[in-house]
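User: Please take a close look at a single part of this model, and describe in one connected answer where it sits and what surrounds it.

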Amino acid sequence: MVVREKIAYVVPTKDRPDDLRKLFDSLRRQGDAPDQVIIVDASEPPIRAICDEYADLPITYVREYPPSLARQRNAGMAALNEGITIAGYLDDDLELEPDATGKMREFWGAAGPGVGGAAFSIVNQPLRHSALGVAADFFLLNAKQQGRLLRSGFATSIAVPFEDIETDWLYGGATLWRRKVIEQHRYDEWYIGHGFLEDVDYSYRVSRNHKLWVVASARVWHWPRPVMASKQFTLGVQQVVNRIYFTRKMGTFSIPALSWALLGQCFFNIAQSVQQRESSGFRRFLGNLKGLALVISGRLNSVDGIWK
């Protein structure tokens, strides 16, 4: 018998009213509507008035300030209605295809108890550049098999699947979780600001005891803003500090492989700047050096940063 699961979406948001309206419009078009939509607002000024424009949606509004993605996600899950059985996170710059919620409900209705999380298929996910992709594989930053955690502690990318695929990790902003998983696992609030790797941290912890899947037929579009040039340095610091924090915390990865991959990440950032003839990659490289200096000096502290 197929069980009809009750689905809730948690949407952390910050200063993106137009993106949020696009997401809300796509939720209105769902042939099979979600049972709850929790908006966790860290905007300045607050965007509650936008939520009020969509009174036909089952919106729960939560104010959580100052902004921090992991904390906002945890605050959203604390507001789940009784009876919700499947809940997860949507980025505020997503747009769902009309049958996306229905396809997810179908998947979860047939999923066995061993399945803990399932991600939507992001249909406009960018493809890797072939030349730099080979370098990424060589330095253990990526690999051909999708959705794997390498011995370096780096996660391989997840492209648009043609069929459902099982993975070791799932992206944070387009994924649903079984409620018992949510009750057992919280996002690690050490990752502050925009986060970086908070989704790999969370989903990899879940994967130790549950299966994770990407559902090919549950399709969404992602419209992210580029990382601002002024934030590239901070992103580079987080690339090193957050990665080392994650690998030390898990204790399951190879230190030599991680070291090789961090060297490759520095090379990769410089190569991107040369290839694209702009300074963003070089700024990240300088941030990488700062991150390594912090780690060597014993200061493995959270690095804040809102990139977009």
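Analyst: Val220 counts as buried because its relative accessibility is 0%, where buried means under 20% relative accessible area, exposed over 50% and partly exposed in between, with a 1.4 Å probe and protein chains only. This is a predicted model, in which local features need pLDDT of at least 70 and side-chain atom pairs count only at pLDDT 80 or more, whereas totals for chains, interfaces and linings use all residues. Residues are numbered from 1 along each chain as its sequence is written, and side-chain values use heavy atoms, with hydrogens and water left out.

Val220 belongs to strand S9, strands (E, at least two residues) and helices (H or I, at least four residues) being DSSP runs numbered from the N terminus. Once neighbours within four places in sequence are set aside, the residues in contact with Val220 are Leu94, Glu95, Leu96, Phe120, Ser121, Ile122, Val123 and Asn124, contact meaning heavy atoms within 4.5 Å. Glu64, by comparison, lies 156 residues from Val220 in sequence and 26 Å from Val220 in space, taken from C-alpha to C-alpha.
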